[in-house]
Every structure is written in structure tokens, then in C-alpha cells.
Number of protein chains: 2
Amino acid sequence: MCSTASMGHRLNRVAVMGGTHGNELSGVYLVKHWLQDPSELQRRTFTVTPFLANPKATKRCMRYISQDLNRSFTKAFLLSKGTKDDLYEVSRAQEINQLFGPRGSADAFDFIFDLHNTTSNMAACLISDSEKNVFTMHMCHYIQKHTQTPCPIYLYGLPGQENYSLMSVAKNSLGLELGPQPHGVLRADVSAHMRALLACGLDFIDLFNQGTSFPAFDIVAYKLIESVHFPRSPDGEFLGIVHPQLQDKDFLPLKPGEPIFQLLSGEEIFYEGDVPIYPAFINEAAYYEKGVAFLKLEKRTFSIPPLETPAASTP
Amino acid sequence: MCSTASMGHRLNRVAVMGGTHGNELSGVYLVKHWLQDPSELQRRTFTVTPFLANPKATKRCMRYISQDLNRSFTKAFLLSKGTKDDLYEVSRAQEINQLFGPRGSADAFDFIFDLHNTTSNMAACLISDSEKNVFTMHMCHYIQKHTQTPCPIYLYGLPGQENYSLMSVAKNSLGLELGPQPHGVLRADVSAHMRALLACGLDFIDLFNQGTSFPAFDIVAYKLIESVHFPRSPDGEFLGIVHPQLQDKDFLPLKPGEPIFQLLSGEEIFYEGDVPIYPAFINEAAYYEKGVAFLKLEKRTFSIPPLETPAASTP
């Protein structure tokens, strides 16, 4: 994903993905609606395509059928030869890459929004792989200025790690991660919030396309350091659960010596780092299968350069 | 389930069920712990057996494998001849009925606690099939008096309907339904609450067994009228979602003319009854597959007779 690829040019084609995880229902419900009636997505300067990313998992209200679709966009998966025995999500990733990419090509869609929910208390989290996505960082800044509720920015890319996400297919992208909402449940307040955030993102693209100038700014974002795992017995049973003092404290500082896990014996396990970190995805249901209790993030301030005004015509 | 069967006699054998639904993790986690270390369940006057009711579903963190175990205790299922093609939960129901019943027999366990979670805002809901379970109603009364948080009583039995639940295997029983907690997630606060409620219920049995007298009282409970379904299109797609004004209002009055559903068009659907009802299990994830948006309950006050002091010896 390279933000400079679309900077200086108008964005023509935008996709909105729901159901990348089939049990995260805000995006599923909204995209199903927009497939019937896309009028609220329309803007003057570009087209918007709503798309149900994992329809089989959506139908069964499961995160995925064979493997996580949102981890299936590595080169190895995208280039693997199709056989009848292919995992469903590998075939689907290849299909999505053909429809909205191919990744890294001039033909790729200009922007993908990917709609997600979390069981964690993440508010309206804005997700990108890196602060180097200047266009996306400007969009985040615009959304933060135009909404009343907290919209922390989470940057998930690790140094040297290949991008594996659906969003990476397009030239630029933004993930919207709204919670808390149980998987398999649709809360009206969460869907309304997601709808408003997406509208704000679309407005930003429209303004950019019309030549609005967006100056430089400094912005706080949270960058992934590593995952923190639940304490487990040798046979894999969970020995401890997220400490009640940590529960729901996503994006708040966790200081050295503060509790992170509670054992049923009453014993506590404490954070042993040297500096405060900022946890996110605390007690996310989907991460239990990987044994992940939360993600450790660092809070940083980034200086984002101004956004070039786009050329009047399509490149 | 007949409360009078155990009244007048000491209770000797009590079971605590977790994982009747395999993705309701408070009970799963607590029962796994108690299987290793049952000390906190022990009371002087009776034995307590912790039991993981649906281990296969628990292992996969699903509600069930083939069908809902907690709907598998009808006569038809319990008496069906076992074949290799049997649904897992039917076989499991028969096994549980052998271990803790047989239902309606003198051999049946005296009491079953069944531990559940809900995604709905149900607080610490106490579940029985009928106010006619005098022993259970006394236990509910005792728990309500000895805990600080709301413990509404939900009575799920409908006139003429056969009892289908796991709890029905024992002579008396109580379901603990704690929420909100997403399925597949374990919140420390919810588990601690469940543990405290169960301890209170066990204390009540211990006091009863020791000859404590429990006088008559009046008590409020919520009795099931019927399920309310989501509005759906002819092809089964959800057309509306639970209205934000109804969300999280479990056990609060819903008055005629108040909104219950919101369509994506913005249109609202209103409750059209003649009298206030009390909704529960509002937007429960597990009920989506049945299309159920919430349960309609009536609030009633019941006069519960005194509990006979038990005979000193086992009947």
C-alpha cells in the first residue's frame, strides 16, 4: 500500500467492504443495504462500490470458513495456483484481488474502506498499516476533526512484515473498527456511528478530488509493538483472564507494575515493562483462538506533510 | 420439575453445570477451575458436582455442535433409541439424564445450577420455569436479599409446554444468566459476579439443610408471554434492527407506542400492544438464528408459601 501512488491524482474508484469477518454485523448489514440502495454512498467526483467480502462466512455468521480472509492477502496466497482443494478464503482473496486490484498495479482501486467490529472497547478506531500512508492519515485527521467521539488511530504494520490484509489490495485504504459490539449482534448505535464515519471519509475524498488543500499537521497514533498472550497451562488451558482493572481500558496507558491478568486463585499478573504502553483489542473474542489477550501499542506523534492538490484530470 | 419433591427433605446432591452452551465462557471457565479445585463449592450438608455439560461445543467455542443442548431434554429426545447417526447433543442429553436424573425419578439430583451468559443487558438474571418451584423461589428471594445488584427472576415455562432444559433433569434447579458479555469472551467482572451468586445459592441450600425456617413472602418475577421476531424480507433478510431506545432496556417497561425496531431507511416500528410489557434477551446473539429480537414478559407479583423445615434424615 503506497499512499503517494494516489496523491496528486483524483480518486475515481472507491470500494466499501463489509463482512470481511462474517460475524461482524455492522458492516454486513450496511453493505447489504447499500447493495440494494447505494444512494447515500454517492458523491459527485468518484464511484463507490459496496461489496460483501466473505459471503459464505456471513451466511453462517462466522468469522471465516477455513482461515481468516483478512490474513489471506499475502503474496504466497495470492499467487498460489487454484485447485479444488483450495481453502475458501484463499480463493476469495484471489477473486477480490482481481476485482479490486491487482495489488500494486495501476488498475487497483484508489481506496478501500473495510468495516469491522470488535468486542473490545475500542470506540471508533481508524486503522491503517503505517503513518507513511499520507492520504489515509489526512483522512483520519479530517474524520477526527469532524466527529464528536474519540477516533484513535491504530497502525498495525510491523517492520519487515508483509501486508496480509484485504485493504492492501487498493492504492490507499482505511479500516473502521467499531466496538464494543458482540460478534453476531447488531447494535443500532454502532451501525449509525459506522455509517457517519464512512460518510465523513467519503466527504474527505470528495473534497480532495475537488482541489481542497490539506496542510501539514501533527497527529497522535498508536503503533503496534507486539501481541500479549494469555497465561496458559502446558495443555493449553487458560490459567488467567484479563484483569478487571485492564478490561475496557483500550488506548489508555498501562504502566509498569499495573495488573494485566487475574488467576482464579486470586493471584495477579502485572505488566513488567519499563515504560507505559497502550493496550488495544483487550479481550477481543476473535483473538482467543490465537491465545492473544491484547495488543501492546506505543503512542507516538507523527508529522504528516501537506497533501498535494490533485491534477484536474485522471492520471 | 416439581419443587415439592425436595421440600421437607434435605438436599444431598447438587450439580453445577457450565458450558451447556459452549461459547458462554463464565460457566465454562469456572467449572473447569472447580473440576481442578472444588474447595469453594464445598458445604457441610451436601455434595456439589461441577460438570462441563457440552465439552465438544466448549472445545470449539460454539453454542452447540448439532442442536441446542438446552432444548434437547424433551421426552422425545430422551427416549429416542441411540444410533450412530444420533445428533451429538441428543446423545449428550441422554447421558446427562442418566448421570443426574433420570428426570422425575427419586434418583435424580436434588438441585442443578446451570451457568449461562447473554449478550443482552440482563444483569444477574435468575431463571426458573415456574413460580410453582417454591424451593427455587425461596432461593431467588435469598439471593436477592444477599446481593447488592439487581437479580430479576425470569420464568420461562409456557402453559402446556413440555420442559426442554438441562435443568429439568434435577428435582429443583436455578439458571444463572449473566450479561452483557459477548459470547466467546470472558470478563473478570462477570465471572466474579457469577461466582458470588452461586456461592449465595449454595449457602441457601446449606441453611435449609440445617433447619433454618424460611417464611412466606411476596416477590416480583417476569413471566414469558412470547417471542418477538425481527422484521424480515420474504427471503429471510433482516429488514430492521433493535431500536436504539429499546437496546439494553431489559426488564424495563415497554409501553404501547414506543419504538422497537429501526429500519435502515430510518423508518421506525412501534410496539402495538395494549399494555406495557417487559422485554428481556433484547438483541441476544444466540437468538438471531431463530429470528428472535427479544422476549416479551409480563411483570407479576407472586405469593410464595413458607418453606417446610426439612426432616433431619434423608428420605
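Is B:Cys125 buried or exposed? B:Cys125 is buried, with a relative accessible area of 0%; buried here means under 20% relative accessible area, exposed means over 50%, and partly exposed lies in between, with a 1.4 Å probe and protein chains only.

Before I continue, a word on the basis of this talk. This is a predicted model, in which local features need pLDDT of at least 70, side-chain atom pairs count only at pLDDT 80 or more, and totals for chains, interfaces and linings use all residues. Residues are numbered from 1 along each chain as its sequence is written, chains are lettered from A and ligands numbered from 1 in the order in which they are written, and side-chain values use heavy atoms, with hydrogens and water left out.

Let me stay with the cysteines. A disulfide is a covalent bond between the sulfur atoms of two cysteines. For B:Cys125, the nearest cysteine sulfur belongs to B:Cys140 and is 9.0 Å away. B:Cys61 is partly exposed, at 35% relative accessible area.

I turn now to the backbone of chain B. Helices (H or I, at least four residues) and strands (E, at least two) are DSSP runs, numbered from the N terminus. Two peptide bonds deserve attention. The bond from B:Gly101 to B:Pro102 is cis, with omega near -5°, and B:Pro102 lies in the loop between α4 (88–100) and β3 (111–117). The bond joining B:Gly179 and B:Pro180 is also cis, with omega about 10°; B:Pro180 sits in the loop between β6 (172–179) and α6 (188–209).

Next, positive phi angles. B:Asp248, although not a glycine, has a phi of about 70°. B:Asp248 belongs to the loop between β8 (240–242) and β9 (259–263) and is partly exposed at 27%. B:Phe281, likewise not a glycine, has a positive phi of about 50°. B:Phe281 is in the loop between β11 (278–280) and β12 (292–304), and is buried at 4% relative accessibility.

Finally, chain A. Strands pair if DSSP finds at least two bridges between them. An open sheet of three strands has the order β8-β9-β10, with antiparallel pairing. In chain A, β8 (240–242) and β10 (268–270) each have a single partner strand, so one side of each is left without a neighbour in the sheet. Three bridges join β9 (residues 259–263) to β10 of chain A, and A:Gln262 stands opposite A:Glu268 in β10.

Terms used. Disulfide = S-S within 2.5 Å.
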